[in-house]
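Me: Walk me through reading a predicted model. I would like to start with the ligand and then turn to the domains.

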Amino acid sequence: MPLKIYNTMSGVVEEFIPGGDKKERIADYPTVNMYSCGPTVYSYAHIGNFRTFIFNDLFRRYLKFRGFTVNHAMNITDVDDKTISGALAENVSLKEYTDKYIGIFFDDLRTLNIEPVEHTPRATESIDAMIDLVERLDAKGIVYEKDGSRYFSIKKFGEYGKLSRLDSREIRSGLRYDTDEYEKDDIRDFALWKAGKENEPSWDTPFGKGRPGWHIECSAMVRKVFGTTIDIHTGGVDLIFPHHENEIAQSEAAYGEKFVRYWVHAEHLLVDGSKMSKSKGNFYTLRDLLDKGYSPRAIRYLLVTAHYRKQLNFTLEGLLQAGQALQRIDNLLLRLREITGNSDENLVVKTNSDDFIKKFIESMDDDLNASRGLGIFFEYLHSINSLLDEGRIAKVDAERVFCVLKRIDSVFGFIFFPEETDAGIDAERIEALIDERNRSRREKNFKRSDEIRDILLDEGIVLEDTKDGTRWKKKK
Ligand code: AMP
Ligand code: ZN
């Protein structure tokens, strides 16, 4: 059975075919190009945000588990109204201000055992790509100017609304008037480039001094990183409209090709029935919860195992239950570790294990149904516990179960949760990046070698070049 995923664009669960051409075997597919909208780094992210980031992580881990190769980018929005006003309020540069929150964000990802992605472009480092995009749109007559800002004219893109399937009346009423955007011809139009204001960071461009609108950065970065149609674009459901609708308009109008094959959106984390958000004040940051004594492992468990297309009501009680479920897992691990002796293999363990893996794949192939996958996982643990009670598990069987659990944990990421200090550190990957950096330097590709240093630095890994080669260590 192939992997199927709900595509917001078609509104149905579809077979996942990266590259667009169906192949016989997964190994024959090209690398999966995946892009996720990342954080705006003006403050601590809340665990609603992390529900979406953990979903991205589950998706990429499952793709790899199934044998796909994944090339994944997540942007960092480090210039917008909130980051600018935050930096002004603290009287520091925008870079100093956002660097702090970028560091905190990557620390939080590590704490939640979220795998690092291959690219984390920052908006302020992608200005050239944005200028190129605005110029292309301008050449096609889609851009107009008002008070020094550049706007995208929706009426020039006939397919506007195809993702959210809103008619133009709904689009109008759904839009809040953005006071930051000056006069527009049509309320639905959105700013590509905002005229510079005093006291605000701005960049020189062929169309004047200013700063990017929000939507342009994702279109520009997708182009910059992947150069062509991508397979998967993810984000929370709140981004479907207008953000993703605007990304499609910009990219498809500028480049004349399909932007994204599969649009995949994660549902919200709620508190007492309403969306967890900064503006409502009903949020917990990761650190709030850790300070209260909850474990990052329980938070990951809770967020990974709810189906991504169902809203999840967050409660502290839910976290406690997650902790209890983890305790049951740990008890089993402990019992398995205590097995000694050389008795013969029990074939029931093999049958149960094979059966479990098969059912797990069936659940996850069905639109990443992790909650069903979790149910099947506990049935499996139950069967192993019963065999343990009956004294029917030999050391070889225990080893088999460990192998199975390790495989499953490459997806779940909460069974063998890394010690806090090492969470998310993948030494093999770091070594591979260091090799690539050394190669790039030998080939005088300093752009790539610097980029690799920055990627690792963002993840809290510092490189030290010594006469014996390059060493890495965790930033203190
Ligand atoms: P932001 O930093 O506000 O741009 O949001 C980062 C990501 O978190 C986006 O993909 C949002 O869709 C997502 N997000 C925001 N609030 C929630 C929530 N309550 N539940 C799930 N995802 C959310
Ligand atoms: Zn985006």
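Me: Which atoms of ligand 1 and glycine 48 pair up, and at what distance?

Reply: A polar contact is a pair of N or O atoms within 3.5 Å; within protein, one must be able to donate a hydrogen and the other to accept it, and residues adjacent in sequence count only if both atoms are side-chain atoms. Here a polar backbone atom of glycine 48 is 3.0 Å from a nitrogen atom of ligand 1. The backbone N or O of methionine 276 lies 2.8 Å from a ligand nitrogen atom. For glycine 236, a backbone N or O lies 3.1 Å from an oxygen atom of ligand 1. This is a predicted model: local features need pLDDT of at least 70, side-chain atom pairs count only at pLDDT 80 or more, and totals for chains, interfaces and linings use all residues. Side-chain values use heavy atoms, without hydrogens or water.

Me: How much of ligand 1 does the protein cover?

Reply: Accessible areas come from the Shrake-Rupley method with a 1.4 Å probe; for residues, only the protein chains shown count as cover. Ligand 1 has 500 Å² on its own, and the protein covers 89% of that.

Me: How is the size of an interface expressed?

Reply: Often as the accessible area lost when the parts come together. Buried area is that loss (1.4 Å probe), summed over both parts. Between domain 1 and domain 3 about 700 Å² is buried, with 41% from carbon and sulfur atoms. Phe106, Arg110 and Pro116 supply 52% of domain 1's share, more than any other three residues.

Me: Which side chains form the salt bridge?

Reply: The rule asks for a side-chain nitrogen of Lys or Arg within 4 Å of a carboxyl oxygen of Asp or Glu. Arginine 122 and aspartate 458 meet this way, at 2.7 Å, N to O. The count between domain 1 and domain 3 is one.

Note on methods: Residues are numbered from 1 along each chain as its sequence is written. Chains are lettered from A and ligands numbered from 1 in the order in which they are written. Buried area is the accessible area (1.4 Å probe) that two parts lose on being put together, summed over both.
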